[in-house]
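The following briefing concerns a protein model.

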Amino acid sequence: MAVESQRVEDFRLAKEPYYLPLGNEVELFESAYHARLPVMLKGPTGCGKTRFVEHMSWRLERTLVTVACHEDLTASDLVGKYTLRGDETIWQDGPLTTAVKAGGIAYLDEIVEARKDTTVVIHPLTDDRRILPLEKKGEIVAAETKQRFVAIEFDYPPPDLEETILKAESGIDDDTAAKLVKIAEKVRNLRTHGLEEGVSTRLLVYAGQLIQGGVEPIAACEATICKPITDDLEMQRSIVE
């Protein structure tokens, strides 16, 4: 029986991800890291949580393994499983095991979407035991790494900082960045009138990139701001106006 692991090199970032701190989130994360405390990031979609984790993994020189959580994700998908390759039975480490063995950061994106019988495997990693049991192998891997976590709250950046982010990420000028942020502010206010989610900073960056690439601004905004966030035609018309 053989053991096969994902290559740690596959998860290393090639360059530093751009991130503009909005508060003390960098210091909080670093303190939690040095104290070996797990961190939960809370906030609306597209406000910079994933980019923040990427930035911190680069800053701390740690391998980053990201898992997109969903309701079909199983515990085996996280920790690993036996597979057949020819006549040989091979153990394939899952992303969580890969991160633990590498002493890296495991980022479970949208963990609230995962089933409880799946997320239970992270409990011994998030308390003082710091271990990952591999029940199918009969092994325990020691980690180098809502009451178990330190929580950091995220929200959309204030207008001046959001403009700075847009200019840095898409290359647009001051005036265009200011207009996009103003549009976002107005659309986000529609959340009190039936819109389920606001315009993320990520979508504003997409709009800026299209505009910078030569797409007419109104068309760029409709494609990146209006249509992605709602299928309701009345709401789309309100956003266009």
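The lining of the largest cavity comprises 7 nonpolar residues, 2 polar residues and no charged ones. The model is a predicted one. Its protein chain contains 11 helices and 9 strands, and 40% of its 241 residues count as buried.

**Largest cavity**

- The volume of the largest cavity is about 30 Å³.
- Its lining is formed by Cys69, Leu73, Leu78, Leu108, Ile111, Ala114, Thr118, Thr119 and Ile122.

**Nonpolar cores**

- In soluble globular proteins, nonpolar side chains tend to be buried together.
- The largest nonpolar core holds 21 residues, and those with the most contacts inside it are Leu166, Leu180, Val199, Leu204, Ile225 and Ile239.
- At least two residues of this core come from each of the helices α8 (174-188), α9 (201-212), α10 (217-229) and α11 (233-240).
- Another core lies apart from it and has 16 residues, including Cys69, Val100, Ala114 and Leu132.
- Cys69 and Ala114, named among the residues of that other core, also line the largest cavity.
- Within the largest core, Ile225 is one of the residues with the most contacts. When residues up to four places away in sequence are not counted, Ile225 touches Leu180, Ile183, Val187, Val199, Leu204 and Ala207.

- Gly198 is located in the loop between α8 and α9.
- Gly198 counts as buried because its relative accessible area is 3%, and the cut-off for burial is under 20%.
- Between Gly198 and Ile225, which are 27 residues apart along the chain, the C-alpha separation is 9.2 Å.
- Neighbours within four places in sequence being left aside, the contacts of Gly198 are Tyr156, Arg188, Arg191 and Ile229.

**Loop between α1 and β2**

- Arg36 is situated in the loop between α1 (25-34) and β2 (39-42).
- The phi angle of Arg36 is near 60°, a positive value in a residue other than glycine.
- Arg36 is partly exposed, its relative accessible area being 42%.
- Pro38 also belongs to the loop between α1 and β2, but Pro38 is buried, at a relative accessible area of 15%.
- Pro38 and Ile105 are 67 residues apart along the chain, and their C-alpha atoms are separated by 9.7 Å.

- Although Glu61 is not a glycine, its phi is positive, at about 55°.
- Glu61 counts as exposed because its relative accessibility is 69%, and the exposed class begins over 50%.

- Ser76 forms part of helix α3 (residues 75-79).
- With a relative accessible area of 18%, Ser76 is classed as buried.
- Ser76 is in contact with Lys81 and Lys136, its neighbours within four places in sequence being left aside.
- Gln92 stands 16 residues from Ser76 in sequence, and the two are 9.8 Å apart in space, C-alpha to C-alpha.

Notes: Residues numbered from 1 in each chain as written. Predicted model: local features only at pLDDT ≥ 70, side-chain atom pairs only at ≥ 80, totals over all residues. Heavy atoms only, no water. Core = buried A, V, L, I, M, F, W, Y, C linked by side-chain atoms within 4.5 Å. Buried < 20%, exposed > 50% of the residue type's maximum accessible area, 1.4 Å probe, protein only. Helix = DSSP H or I, 4+ residues; strand = E, 2+ residues; numbered from the N terminus. Contact = heavy atoms within 4.5 Å. 1 Å grid on protein atoms, 1.4 Å probe; cavity = no way out; pocket = protein on both sides within 12 Å on 5 of 7 lines; lining within 4 Å. Points joined across faces, edges and corners; volume = space filled by probe spheres on them. Nonpolar A, V, L, I, M, F, W, Y, C, P; charged D, E, K, R; others polar.
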